[in-house]
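Q: I have a model with two chains open on the screen. How should I read the way they meet?

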Amino acid sequence: MPTVPDGFFDGVRATLPLLLGLIPFGLVAGVAAVDAGLSPAQAVGLSVVVFAGASQLATVDLLAQDASLAVVVLTAVVINLRMSMYSASIAPYFEALRRRWSAAYAFLLTDMSYALAIGEFTDGDADTDATTAPNGGSTAENGTPRDRWYYFGAAAFMWLVWQLATIVGVVLGASIPESWGVSFAVPLVFLALLVPELSGRPRIVAALVGGSVAVAGAGWPLNLGLLGGALAGVVAGVVVEGRVAA
Amino acid sequence: MTTTHGPLAVWAVVLVVGALTFAIRYSFIYLLGRVSGVPPRLERALRYVPAAVLAALVAPSFVDPGPTVAATFLDGRLLAGVVAAGVAWTTENMFATLVAGMLTLWTVGFVL
């Protein structure tokens, strides 16, 4: 029997508590995609290729509203920009990987896999704490093989669960009557992701400004209310941060 | 609402969003060694991206300014949003948030 590398199953096991959030989210992603008029293959394809729930929901939501394709793509990209920070933060641990593997590891990078892995990498390893800082790259130690297998076990397992949840959602989605208002679950998922973000005054202001501008601009063409709101919120957050620091 | 974009357009969106998302994820993992990290200014701005984008995304789904203040606030979706936000805040559990929000929406729809 081939042996499974040390750390792999620890990574898989660490995801189990997160599945309570991941599975309903994946179900909603499947249901919402079918509700928006995507074919089952397109709905599953979106989960396989993109594998980023919030941007998938935004994509199908905007497609359903017949937003222009440029707005759909731009919105999804803006939502996923935060992952560049994860990429910077986790990069030192992947430095020893071959290029093909590092690409695969990057493909599996999500909010949840990042949070799990960085917590594990820095746990009980106080002298490498600096590596959690996005700018700590130059001083970071390389991760151990066990660290990398832990990440891969967790991230690959979450990818698999995400696909299965999406498929179930796609199957269910076709049989759920529209009067149940299941599409309302989409903003609720975003809300569940938003609320834990609201720590500290700058972030709260960023959300308030972003939300208010988006409501005011709900009737603007090309979904400019959404992009304008997001931009205004980020600017407001940076400005308030400057004030707090001053 | 269902999309009127054709299958080719939808597949194009799937592939382009997938490719660009991968580029974001791979960016610094690929570049490591060539740059020393995210520029501090960009990093500061990125910190507010999730809160701002998510709020801009959800707010219009919950707040639909009506002709009167009462009509705006006595909306099932807003009430459901407030209840769900409260549950999200106290439990940080996505499943509980979804259930609370949907139950509120159905209850209000039944009562009003």
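A: Start with the term: two residues are in contact if their C-beta atoms, placed from the backbone, lie within 7 Å. The model is predicted. Here 64 residues of chain B are in contact with 83 residues of chain A.

Q: Which elements of chain B give two or more residues to the side that touches chain A?

A: They are α1 (7-31), α2 (40-47), α3 (49-62), α5 (76-91) and α6 (94-111) of chain B. The largest share of that side, 19 residues, comes from α1(B).

Q: How do the residues on that side of chain B divide into nonpolar, polar and charged?

A: The division is 45 nonpolar, 14 polar and five charged.

Q: What is the secondary structure of chain B?

A: Chain B has six helices and zero strands, in the order α-α-α-α-α-α along the sequence.

Q: Is chain B compact or spread out?

A: Compare the radius of gyration with what the globule rule gives for a chain of that length. For the 112 residues of chain B the rule gives 13 Å, and the radius of gyration is 20 Å, well over that, so chain B is more spread out than a compact globule. The C-alpha trace of chain B spans about 60 × 40 × 30 Å along its principal axes. Of the 112 residues of chain B, 44% count as buried. Among contacts in chain B between residues at least 6 apart in sequence, 32% join residues at least 24 apart.

Q: Which residues have the most contacts inside the largest nonpolar core?

A: That core has 112 residues, and those with the most contacts inside it are A:Ala33, A:Val189, A:Phe190, A:Leu191, A:Leu194, B:Ala52 and B:Ala56. The element that gives the most to this core is α3(B), with eleven residues. For one residue in detail, take A:Phe190: leaving out residues up to four places away in sequence, A:Phe190 touches A:Ala54 and A:Leu57, and also B:Leu54, B:Leu57 and B:Val58.

Terms used:
Residues are numbered from 1 along each chain as its sequence is written. Chains are lettered from A and ligands numbered from 1 in the order in which they are written. This is a predicted model: local features need pLDDT of at least 70, side-chain atom pairs count only at pLDDT 80 or more; totals for chains, interfaces and linings use all residues. Helices (H or I, at least four residues) and strands (E, at least two) are DSSP runs, numbered from the N terminus. Ala, Val, Leu, Ile, Met, Phe, Trp, Tyr, Cys and Pro count as nonpolar, Asp, Glu, Lys and Arg as charged, and the others, Gly among them, as polar. A nonpolar core is a set of buried Ala, Val, Leu, Ile, Met, Phe, Trp, Tyr and Cys residues joined through C-beta atoms within 7 Å. A residue is buried if 20 or more other C-beta atoms lie within 10 Å of its own, exposed if 12 or fewer, and partly exposed in between; C-beta atoms are placed from the backbone. The radius of gyration is taken over C-alpha atoms; the globule rule is 2.2 Å times the number of residues to the power 0.38.
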